[in-house]
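Notebook open, viewer open. I'm jotting down what I look up as I go.

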Amino acid sequence: MVHEISAIAASPGIAIAPLRHLRLAGEFVPRYGIEDDELDAECERFRVACTKAAEALERLKEKLGEAAESVLGIYDAHIALVTDPRLQSDVEAGIRKEKINAEAALQAVVTGYEQIFRRIDSVTVRERAADVRDVGRQITGMLLQRAQGNDGDDGLDFILAVDEFLPSDLGKVDTKHVRGIVMGEGGRYSHGAILAKSLGIPCVVGLEHELAKLPAGGTVILDAERGRLLVDPDRETIERYEERIEESTAAEQRIFEVRLSQSVTIDGTPVTLLANIEGTRELDALEPGMFKGVGLFRTEFAFMERLMFPSEEEQFELYSKIVESMGGRNVTFRTLDIGGDKPLQYFRTPVERNPVLGWRGIRLTLQWRDIFYTQMRALIRASSKGPVSILLPMVTTLGEVRQAREILDKIVGDLRSDGVDVGSELFFGVMIEVPSFAMMIDEVCDLVDFISVGSNDLAQYLLAVDRDNPRVAGMYDPFHPGVLRFLAQIVERTTVRDVPCSLCGEIAGESEFVPLLLGMGWRRLSMTPVFLPRVKLALRSVTIDDCVDLWTEVRAMGDAESVRDRVRNFVRTTNGAREKA
Ligand code: PEP
Ligand code: MG
């Protein structure tokens, strides 16, 4: 019988396909009893999984070839752990004593080890806890693949179930065949959700413990329009959903038709549409008429897909390729925004109690100068190929802006005196994500060429709601009047100061937000590329005067629900009613 599970819709669309688990996070490991006469076989199953995990690690190490010793060292440490006789005997003892499956026994042992390591007050030893957890996941992965008959790539379409979809997962699954993604963790604006959107794959998030229970191989319907997952649907339900897929394909057709039209409102006000990208992949799917440039290149994703830091030359090559492919249109590169919810596996930062309030973004790179210098040099050199904007993430103080500017000026001077080409269109800007920094907007305007507002993090800090935590995901509401008023103040000040200011958080790509944003004064919106056509249709269906009236009315409202209702009503009456001729 069909079983319906509520989830958070994170990337729009509907998909129907069999479900496949990529991996299961430590806490979602299944637990079941083992009969006395099966205990030997269960122990053997565990030994085989360890051997396979060690072989997989060896293969990965070989693939790395001549990588740095420090990187290879991580693999050696993991291989030693996977084959550690102590781990083997502790898990086997657990299986026999508790009469439980190998995955559950392994999880108990790993948790025990982790607790011991965590109690020791040394960063190195605490990092060992992360190694143990990682190794536990690898062995669990081996055990579960066999238990679930998941044989990897067979060329069939499927819906992917995963704790959190990570950039490194792109190498593990063939995204051509991924019809939908179901995540255990994350919120609507988490990085996993952004990645799904950038691939144009429907996605629901926040299933938590329900994820592990989803039956591998069974057909599911993923409804990311209403935030539902339907497990084991009957024929009638499947047919109903197939009809909905057909209907939305027709609506998509209209959106597709306007994709290359001018980006202007009915009264002729131009709005600059820009793309947020994480790599070259998204650019391939874009036609030049769809957008004016790249408003946000999240450089950290290129770092996260690798196993070690890219050199200056490697970075220069990547950045140059992107700048060249843009044919004279500007590319805004954000400097490395790691830390917080975006860790680098080969650059371990100390365990933090509050990572999103911790050592991340520009705070980290200004202290780790060689990483920053290398990236800045590569970016500045890439400006010789076309217009480049350099954007600093997570800025809190004017001092950070000045320090970064000094570094930029020094590198430009050094390169020029060494006869290295530096472009004439090189711009310097900051992200506004930290509320207190936003309140310094006038002083910020004196120090930069442009500003980009990251509403994902800004809303997280304004609302005091973790954007990745499914338990409070419902409270992460950018329609909160406090968030809206804050956004309006920023664009009012930057307009007075005549400093180009774009909005690059996810709401810039939500067509429902478009009238409100236009009414506040926003004229530069940067978004996940799949949303460019629908945002274009939305802005071509409104006049600025109507948007200003809408914002004036909404500005006085006291709660998110009233705002949302009013905006939806506005969108319903304008959408398709009139459109820019
Ligand atoms: C933001 O915070 O709004 C933003 C664009 O940056 P990211 O989503 O990468 O944190
Ligand atoms: Mg951010």
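**Entry 1**

I looked up E42 and found it buried, because its relative accessibility is 7% and buried means under 20% relative accessible area, with exposed over 50% and partly exposed in between (1.4 Å probe, protein chains only). E42 sits in helix 1 (residues 39-64); helices (H or I, at least four residues) and strands (E, at least two) are DSSP runs, numbered from the N terminus. Not counting residues up to four places away in sequence, E42 touches I34, I95, I100, N101, A102 and E103, where contact means heavy atoms within 4.5 Å.

Ground rules before I go on: this is a predicted model, where local features need pLDDT of at least 70, side-chain atom pairs count only at pLDDT 80 or more, and totals for chains, interfaces and linings use all residues. Residues are numbered from 1 along each chain as its sequence is written, chains are lettered from A and ligands numbered from 1 in the order in which they are written, and side-chain values use heavy atoms, with hydrogens and water left out.

Which residues coordinate the magnesium ion (ligand 2)? I get E433 (OE) and D457 (OD), at 2.0 Å. Donors are N, O and S atoms within 2.8 Å of the metal (3.2 Å for Na, K and Ca), and water is not among the atoms, so the site may look incomplete. The pair links distant parts of the chain, 24 residues apart: E433 is in the loop between strand 13 (426-432) and helix 15 (435-438), and D457 is in helix 17 (residues 455-463). E433 counts as buried because its relative accessibility is 2%; D457 does too, at 4%.

Next I checked ligand 1. It has 15 residues around it, and R298, R334, G454, N456 and R467 come nearest; being near takes a heavy atom within 4 Å. For polar contacts I use pairs of N or O atoms within 3.5 Å; within protein, one must be able to donate a hydrogen and the other to accept it, and residues adjacent in sequence count only if both atoms are side-chain atoms. An oxygen atom of ligand 1 lies 3.0 Å from an N or O atom in the E433 side chain. Ligand 1 also has an oxygen atom 2.7 Å from a polar backbone atom of N456.

**Entry 1: the cores**

A nonpolar core here is a set of buried Ala, Val, Leu, Ile, Met, Phe, Trp, Tyr and Cys residues joined through side-chain atoms within 4.5 Å. The largest one has 108 residues, and I380, I451, V453, I490, W522 and L525 have the most contacts inside it. Helix 14 (residues 398-417) gives the most to this core, with 8 residues. I also found a second, separate core of 28 residues, which includes L39, Y75, I95 and Y113.

D223 lies in strand 7 (residues 219-223). Buried or exposed? D223 is buried, because its relative accessible area is 0%. Its side chain makes polar contacts with the side chains of R226, at 3.0 Å, and Y241, at 2.9 Å.
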